[in-house]
Amino acid sequence: MHRHHGKTVEILRLCTDGTPNACSYLYSRAVKIAALLGYEKVITYTLLSENGTSLKASGFTLDGVTRGGSWSCKSRPRTDKAPTCQKKRWVRYTDAYKKKTEMQEI
């Protein structure tokens, strides 16, 4: 079920050359850019076997575990190129969202 309402952006891939702290830096920059573009929430997924250290360091919190599965269906068959196992969903709310919710509390 999608509850994004056009205010959520998803980080699909993150690659570095192994430079220390590069992942957490890039995650943080992605959130900042998302906020500047008006997004309120940033999500991404990791495998269950990954601990999410870079995500935690950049302010993301574990939001749940997906059921996993394939995008392939009878009417639109696809070849799975990514793991179809369960994944951890991570979320970070942007400053734009925080400001909006603070104003609603007033």
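Reply: Start with pairing: two strands pair if DSSP finds at least two bridges between them. The model here is predicted.

Me: What makes strand 2 and strand 4 a pair?

Reply: The cut-off is at least two bridges. Strand 2 (residues 41–47) and strand 4 (residues 87–93) are joined by 7 bridges, so they pair. They run antiparallel. Within this pairing, isoleucine 43 stands opposite valine 91 in strand 4.

Me: How do you know that strand 3 pairs with strand 4?

Reply: By the same test. Strand 3 (residues 61–65) has 4 bridges to strand 4, and at least two are needed, so the two pair. They too run antiparallel. Threonine 61 stands opposite valine 91.

Me: Where do these strands fall in the overall order?

Reply: The protein has 3 helices and 4 strands. Along the sequence they read β-α-β-α-β-β-α.

Me: Why are Ile11, Tyr27, Val31, Ala34, Val42, Leu55, Phe60 and Trp90 called a nonpolar core?

Reply: A core needs buried residues of the nonpolar set, joined through side-chain atoms within 4.5 Å. Buried means under 20% relative accessible area. These 8 residues form the largest such core. Helix 1 (residues 22–36) gives the largest share, 3 residues.

Me: What does tyrosine 27 touch, leaving aside neighbours within four places in sequence?

Reply: Contact means heavy atoms within 4.5 Å. Tyrosine 27 is in contact with Ile11, Leu14, Thr44, Ser54, Leu55, Ser58 and Phe60.

Me: How much of the protein counts as buried?

Reply: Of its 106 residues, 23%.

How values were computed
Residues numbered from 1 in each chain as written. Predicted model: local features only at pLDDT ≥ 70, side-chain atom pairs only at ≥ 80, totals over all residues. Heavy atoms only, no water. Buried < 20%, exposed > 50% of the residue type's maximum accessible area, 1.4 Å probe, protein only.
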